[in-house]
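This report describes the fold of one protein chain for a reader who is new to structural work. Please keep the sequence and the structure in view while reading.

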Amino acid sequence: MAEAILNKRGKRRFVAYSAGSQPDGEVNADALGQIKRAGLPTEALRSKSWDEFSLPDSPHMDFVFTVCDKVAGEQCPVWPGQPITAHWGIPDPAAVTGDEATRNKAMSQAFHQLTRRIDLFSHLPIDKLNRMALTSELDAIGRIQDADE
């Protein structure tokens with residue numbers, strides 16, 4: 001979801017990629033449904049391993065955000081180019097079980113939290129902040145909680 005949101009809201013300032021530590025080979029159907037309901041394109045989305053982005057010939061990364069709570073304790077790869085990293089943990093909506101309405105609610109909550117954080121990120125004066133200040137701002141964004149949490 002974050003890839004679709006940032007690629008749309010980043011106003012061509014950013015190119016986003018989403019990947020996971022243990023991809024299962026297909027994008028979660030509930031996540032695709034949420035992205036489509038938000039009117040964002042889904043055609044280019046695919047399940048990817050973060051290993052794909054840790055290779056020397058991978059796209060250059062300026063920022064890497066981990067978003068799922070379960071990733072916080074995992075060992076992340078060493079990213080080429082030393083991008084600024086931040087953890088923006090949210091409960092994994094794909095782990096929610098139950099009926100379609102329950103799963104859709106979890107996806108919607110995650111989507112809105114990601115959208116809020118991405119909007120804040122995309123409006124930062126990146127070119128005016130040094131690395132330490134930028135890291136501090138990104139960490140603060142990651143601590144923002146929505147009112148309904």
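**Overall form**

The model is predicted. Its secondary structure consists of four helices and two strands, arranged along the sequence in the pattern α-α-β-β-α-α. A compact globule of 149 residues would have a radius of gyration near 15 Å, and the chain agrees with this because its own value is 15 Å. The C-alpha trace spans about 45 × 35 × 30 Å along its principal axes. Of the 149 residues, 37% count as buried. The chain exposes about 9,100 Å², and carbon and sulfur atoms supply 51% of that area. Among contacts between residues at least 6 apart in sequence, 61% join residues at least 24 apart.

**The two strands**

Strand E1, residues 63-68, is joined to E2 by five bridges, and the two strands run parallel. Within this pairing, Cys68 of the chain stands opposite Ile90 in E2. Strand E2 is largely enclosed by the rest of the structure, because five of its seven residues are buried.

**The nonpolar cores**

The largest nonpolar core has 26 residues, and those that touch the most other members are Met1, Phe63, Phe121 and Leu138.

Another core, of five residues, lies apart from the largest one; among its members are Trp50, Phe53, Met61 and Trp79.

What does Phe63 contact, once its neighbours within four places in sequence are left aside? Its partners are Phe14, Pro83, Ile84, Phe121, Ile126, Leu134 and Leu138. Two of these partners, Phe121 and Leu138, are named with Phe63 among the residues that touch the most other members of the largest core.

**Helix H1 and Glu3**

The buried residues of H1 are Glu3, Ala4, Ile5 and Leu6, and they pack against H2 and H3. After the helix comes Lys11, whose phi is positive, near 50°.

The side chains of Glu3 and Lys48 are joined by a polar contact of 3.0 Å. Not counting residues up to four places away in sequence, Glu3 touches Ala16, Tyr17, Ser18 and Leu45 as well as Lys48.

**Ile118 in helix H3**

Ile118 is found in helix H3 and is buried, with a relative accessible area of 4%. Leaving aside neighbours within four places in sequence, Ile118 is in contact with Ala2, Ile5, Leu6 and Trp88. Ile118 and Tyr17 are 101 residues apart in sequence, and their C-alpha atoms are 13 Å apart in space.

Notes: Residues are numbered from 1 along each chain as its sequence is written. This is a predicted model: local features need pLDDT of at least 70, side-chain atom pairs count only at pLDDT 80 or more; totals for chains, interfaces and linings use all residues. Side-chain values use heavy atoms; hydrogens and water are left out. A nonpolar core is a set of buried Ala, Val, Leu, Ile, Met, Phe, Trp, Tyr and Cys residues joined through side-chain atoms within 4.5 Å. Buried means under 20% relative accessible area, exposed over 50%, partly exposed in between (1.4 Å probe, protein chains only). Contact means heavy atoms within 4.5 Å. A polar contact is a pair of N or O atoms within 3.5 Å; within protein, one must be able to donate a hydrogen and the other to accept it, and residues adjacent in sequence count only if both atoms are side-chain atoms. The radius of gyration is taken over C-alpha atoms; the globule rule is 2.2 Å times the number of residues to the power 0.38. Accessible areas come from the Shrake-Rupley method with a 1.4 Å probe; for residues, only the protein chains shown count as cover. Two strands pair if DSSP finds at least two bridges between them.
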